[in-house]
Amino acid sequence: MKGFTLILFLCYAISTSGQQKKVVSVGFTATYDQLPNIKFEQSNQAEFDQIKPAKKFSKPLLKPSKTHHLIPIKEKLFQLKKYKDYGLAGGFSGYEYLGYYSNLKMYALSDNSTVENLGFGTMVLIDSVTAYQYQIISIGDGPVETPIASPNGKYLLYFYNWIYDPNSCFIGLLKVGDRKQPQKFLREYSSFETKNWAVEKIKWIDDQTFIVKAFKIDKANGRTKSFLYFRSKIE
């Protein structure tokens, strides 16, 4: 049995190693700092409400497995351990399956773990065509919110609201490139950071324009929200 267990372990290690070869990290703050900032102008609730949310992100069923997410990649199955909470003693670890971008042919998952009672997470996008994994670096402990693809898939927009500073956020914009150069398929394009408001929701108006529903929490009671609206056109 020991020999059989060792063989299984080696096979798993080889399989995991093969899956990890095509990994690209994007969203570095040092890179964003060298790029133009996202510029906003005032908008309003009426404009925001008339924009219908994009329908190109869904959550198709995967093949059933109790322990792994089985992601179909190039006629194969990409195996990622499912998220599991091990209680106070063991923390938690694993992937949470979020959905699929039909226009980009990419799966979205969050990779979560605990180190010394601190939780960490990374947003992971998996290209079903090239089998590349794109890890979006978070500026905080947890993963960024699930990115929103522009209508024709030219850009991915995501945000992160700071947990310990309720009226602060970061917004990142990634440009989608050519699959023939998978290392550069997603790259940083522009960003925005503020300590004056956080993000409630974002909608794309068209492939070059998006609108943000932002909020401010009344620091006196820590609960009451007031909303603001901002529009941005990509230059």
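1. Start with one pairing. Ile148 has Leu157 in strand 12 as its bridge partner. Strand 12 covers residues 155–161 and runs antiparallel to strand 11, with 2 bridges joining them. Two strands count as paired if DSSP finds at least two bridges between them. Strands are DSSP runs (E, at least two residues) and helices likewise (H or I, at least four), numbered from the N terminus.

2. A note on the source. This is a predicted model, in which local features need pLDDT of at least 70 and side-chain atom pairs count only at pLDDT 80 or more, while totals for chains, interfaces and linings use all residues. Residues are numbered from 1 along each chain as its sequence is written, and side-chain values use heavy atoms, with hydrogens and water left out.

3. Next, the hairpin. Strand 15 and strand 16 form it, with 2 residues between them. Their pairing is antiparallel, over 7 bridges, and strand 16 spans residues 209–217. Ala198 stands opposite Phe215 of strand 16.

4. Look at the largest pocket. Its volume is about 350 Å³. A pocket here is an open set of points on a 1 Å grid over the protein atoms alone, where a 1.4 Å probe fits, with protein on both sides within 12 Å along at least five of seven lines; lining residues have an atom within 4 Å of a point. Grid points are joined across faces, edges and corners, and the volume is the space filled by probe spheres set on the points.

5. Which residues are closest to the centre of the largest pocket? They are Ala54, Phe57, Pro147, Ile148 and Ile202, out of 17 lining residues. Strand 11 (148–149) and strand 15 (198–206) are the elements that give two or more residues to this lining. Strand 15 gives the largest share, 4 residues.

6. Ser93 deserves a look. Ser93 lies in strand 7, residues 92–101. Is Ser93 buried or exposed? Ser93 is buried, at a relative accessible area of 19%. Buried means under 20%, exposed over 50%, and partly exposed in between (1.4 Å probe, protein chains only).

7. Finally, the whole chain. It has 4 helices and 17 strands. Of its 235 residues, 41% count as buried.
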